Amino acid sequence: LQLPAPAAGLNDNTAITAAWARTLITGKTVVKDYITERFSDETGNWYELYVSGWIKQGGIGVYTGLVGEQTVTLLKPMANANYSLMPLMVSKRGGYDQFPVLTSVTTTNFKFTVVNAIAGVAPLFTWRAEGYKAQGA
């Protein structure tokens, strides 16, 4: 095990600094991520933005895409389309399970359709996305 050198000016008889200890433990300086901005509204939309640029966002909607796709616009655009995403149907109607299938993902929205969609039934869905927010957004 190779130990990092102590901070400048320290010798073997001096207490280590917190920064040196963090480097020893993790191999890099530890920066604690924390929420810098929160939003929620009465319709169920929400997001939490972290100092690192990470964002968690989500909402509730009514599936209206019985003939085609449902489009959901993200509350905040993402840095790229490689973010974690989960649309989830929360209501079960007519005895049939209804499964969302993603058809398109961009930095500003995603689209999905539903397997076993039932004509005349508009099930609720929730969605959640996590990833890095676009710069300046």
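Buried means a relative accessible area under 20%, exposed means over 50%, and partly exposed lies in between (1.4 Å probe, protein chains only). Keep those cut-offs at hand for the close-ups below. The model is predicted, so local features need pLDDT of at least 70, side-chain atom pairs count only at pLDDT 80 or more, and totals for chains, interfaces and linings use all residues. Residues are numbered from 1 along each chain as its sequence is written, and side-chain values use heavy atoms, with hydrogens and water left out.

**View 1. Arginine 38 and glutamate 48 form a salt bridge.** A salt bridge here is a side-chain nitrogen of Lys or Arg within 4 Å of a carboxyl oxygen of Asp or Glu. In this pair the closest N and O atoms are 3.3 Å apart. Strands, like helices, are DSSP runs numbered from the N terminus: E of at least two residues for strands, H or I of at least four for helices. Arginine 38 counts as exposed because its relative accessibility is 61%.

**View 2. Glutamate 130 meets arginine 128 in another salt bridge.** Their closest N and O atoms are 2.7 Å apart. Arginine 128 has a relative accessible area of 35%, so it is partly exposed. A search of the whole structure finds two salt bridges.

**View 3. Lysine 133 is buried yet has no salt bridge.** Look for this residue in the segment after β8. Contact means heavy atoms within 4.5 Å. Leaving out residues up to four places away in sequence, lysine 133 touches Leu49, Gly53, Ile55, Lys76, Pro77, Met78 and Ala79.

**View 4. Strand β5 (residues 84-89) has a covered face and an uncovered one.** In a regular strand the side chains alternate between the two faces of the sheet. On the covered face of β5 are Leu85, Pro87 and Met89, while Ser84, Met86 and Leu88 are on the uncovered face. Six bridges join β5 to strand β8 (residues 124-132), and the two run antiparallel. Two strands pair if DSSP finds at least two bridges between them. The bridge partner of leucine 85 in β8 is alanine 129.

**View 5. Tyrosine 83 lies in the loop between β4 and β5.** With a relative accessible area of 9%, tyrosine 83 is buried. Beyond its neighbours within four places in sequence, its contacts include Leu74, Phe110, Ala129 and Gly131. Tyrosine 83 and glycine 131 are 48 residues apart in sequence, but their C-alpha atoms are 4.8 Å apart in space.

**View 6. The largest nonpolar core has 16 residues.** Such a core is a set of buried Ala, Val, Leu, Ile, Met, Phe, Trp, Tyr and Cys residues joined through side-chain atoms within 4.5 Å. Among the residues with the most contacts inside this core are Tyr83, Phe112 and Trp127. The elements giving it two or more residues are β2 (46-50), β5, β7 and β8.

**View 7. Three strands form an open sheet in the order β4-β7-β6, with antiparallel pairing.** The edge strands, β4 (70-73) and β6 (99-105), each pair on one side only. Four bridges link β4 to β7 (residues 109-115), and glutamine 70 stands opposite phenylalanine 112 in β7.

How values were computed: Lys, Arg positive; Asp, Glu negative; His and termini not counted.
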